[in-house]
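Here's a quick briefing to read with the model open beside you.

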Amino acid sequence: MTVNEVVRILNATVLVEGDMETEIKTACGSDMMSDVLAFVKDQALLLTGLCNPQVIRTAEMMDMRCVVFVRGKDIDESIKNLARTRDIIVLKTGYRMFTACGLLFAGGLRGECEEK
Amino acid sequence: MSTLTLRYEVPGDDFTRAGEASSDVKRKLKQLGYNPEAIRKVAIAMYEGEINMVIHAGGGEATVDIDPKQVKIVLTDHGPGIPDVGKAMQEGWSTAPDNVRNLGFGAGMGLPNIKKYTDELRIDTKVGEGTSLFMTVYA
Ligand SMILES: Nc1ncnc2c1ncn2[C@@H]1O[C@H](COP(=O)(O)OP(=O)(O)OP(=O)(O)O)[C@@H](O)[C@H]1O
Ligand SMILES: [Mg+2]
């Protein structure tokens, strides 16, 4: 699905724009950046409840295209600015982690577990 | 491309800035047209090491040598050192306090991940003096 479809499915607010037609095939959800760095492979989208600049840095190191902050928390301007300079799209949804992941999965997005 | 050497101070008192050095290295490697798989390995390994210097050792220095064949990264800190490197290399072993876990780190996955993404890794550490990580990623 495209980022635009992610926005629609999650009823999300776009905090940092980018190429909204970017195709997303796989995603992961985690509040632990340690786990994202250790276990994620080619996921283009990260859902997280953690709100600090290291979320954007982790996405940057993993070549992810889009970060979704769940639970509708307010996101600091410095986080948005960092994402802007790194060309990472940032969204915010009111849904909690489980629901957000479930909605995207139902919409066709997959995690990495399929391979196992 | 001859050898390009980059040096960074990694401040220990500002968690929000942790990763700036790794980010800069990643961008430089991209500009040089370096092999994307090698860039990814360098970025992840160096970022894990940089975060470790900030959360466990009060900051440190990074030196990165880039040549067409390989990237060498040396991370040096003057923190507490690692008493048992064998243990520290195990997945899930961490001394990180709760406040670090609340920041999204401290799962004990960093060092094993560095091992996974580097082609060569040496750790020199002495309790009370500090730690140096020598990593090499082949192009
Ligand atoms: N530069 C360092 N100085 C002192 N101790 C360190 C340093 N790097 C790692 N350690 C020690 O080794 C342990 C394991 O490190 P590792 O990076 O694998 O996990 P972590 O940093 O605790 O968690 P994670 O990397 O998953 O966020 C740390 O908890 C810490 O005790
Ligand atoms: Mg670590």
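Predicted model: local features only at pLDDT ≥ 70, side-chain atom pairs only at ≥ 80, totals over all residues.

Residues are numbered from 1 along each chain as its sequence is written, chains are lettered from A and ligands numbered from 1 in the order in which they are written, and side-chain values use heavy atoms, with hydrogens and water left out.

**Chain B overall**

- Chain B has five helices and five strands (DSSP runs numbered from the N terminus: H or I of at least four residues for helices, E of at least two for strands).
- Reading from the N terminus, the order of elements is β-α-α-β-β-α-α-α-β-β.
- The radius of gyration of chain B is 14 Å, close to the 14 Å from the globule rule for 139 residues, so chain B is as compact as a globular protein of that length. That radius is taken over C-alpha atoms, and the rule is 2.2 Å times the number of residues to the power 0.38.
- The C-alpha trace of chain B spans about 45 × 30 × 25 Å along its principal axes.
- Of the 139 residues in chain B, 50% are buried (under 20% relative accessible area; exposed is over 50%, partly exposed is in between, with a 1.4 Å probe and protein chains only).
- Among the chain B contacts with a separation of 6 or more, 62% come from residues 24 or more positions apart (a contact means heavy atoms within 4.5 Å).

**A strand residue: Ala62(B)**

- Ala62(B) sits in strand β2 (residues 59-66) of chain B and is buried, at 1% relative accessibility.
- Leaving aside neighbours within four places in sequence, Ala62(B) contacts Leu6(B), Arg7(B), Tyr8(B), Met46(B), Val74(B) and Leu75(B).
- Between Ala62(B) and Leu75(B), the C-alpha to C-alpha gap is 4.6 Å, although they are 13 residues apart in sequence.

- Strands β4 (residues 120-126) and β5 (residues 130-138) of chain B run antiparallel and are joined by seven bridges (strands pair if DSSP finds at least two bridges between them).
- Lys126(B) has Gly130(B) as its bridge partner in β5(B).
- Three residues lie between the strands of this hairpin, and Gly128(B) there takes a positive phi near 90°.
- Lys126(B) also forms a salt bridge with Glu129(B), at 3.8 Å, N to O.

**Salt bridges**

- Side chains of opposite charge can pair when their charged atoms come close.
- The whole structure holds 14 salt bridges over all chains (a side-chain nitrogen of Lys or Arg within 4 Å of a carboxyl oxygen of Asp or Glu).
- Asp31(A) and Arg71(A) make one of 3.8 Å, N to O. Asp31(A) is in the loop between β2 (27-29) and α2 (33-39) of chain A and Arg71(A) in the loop between β4 (66-69) and α4 (77-85), so the pair ties together parts 40 residues apart in sequence.
- Asp31(A) is partly exposed at 34%, and Arg71(A) is partly exposed at 38%.
- Asp24(B) and Arg27(B) meet in a salt bridge of 4.0 Å, N to O; they are three residues apart in helix α1 (residues 20-31) of chain B, about one helical turn.
- Arg57(A), Arg17(B) and Glu20(B) are linked in a salt-bridge network.
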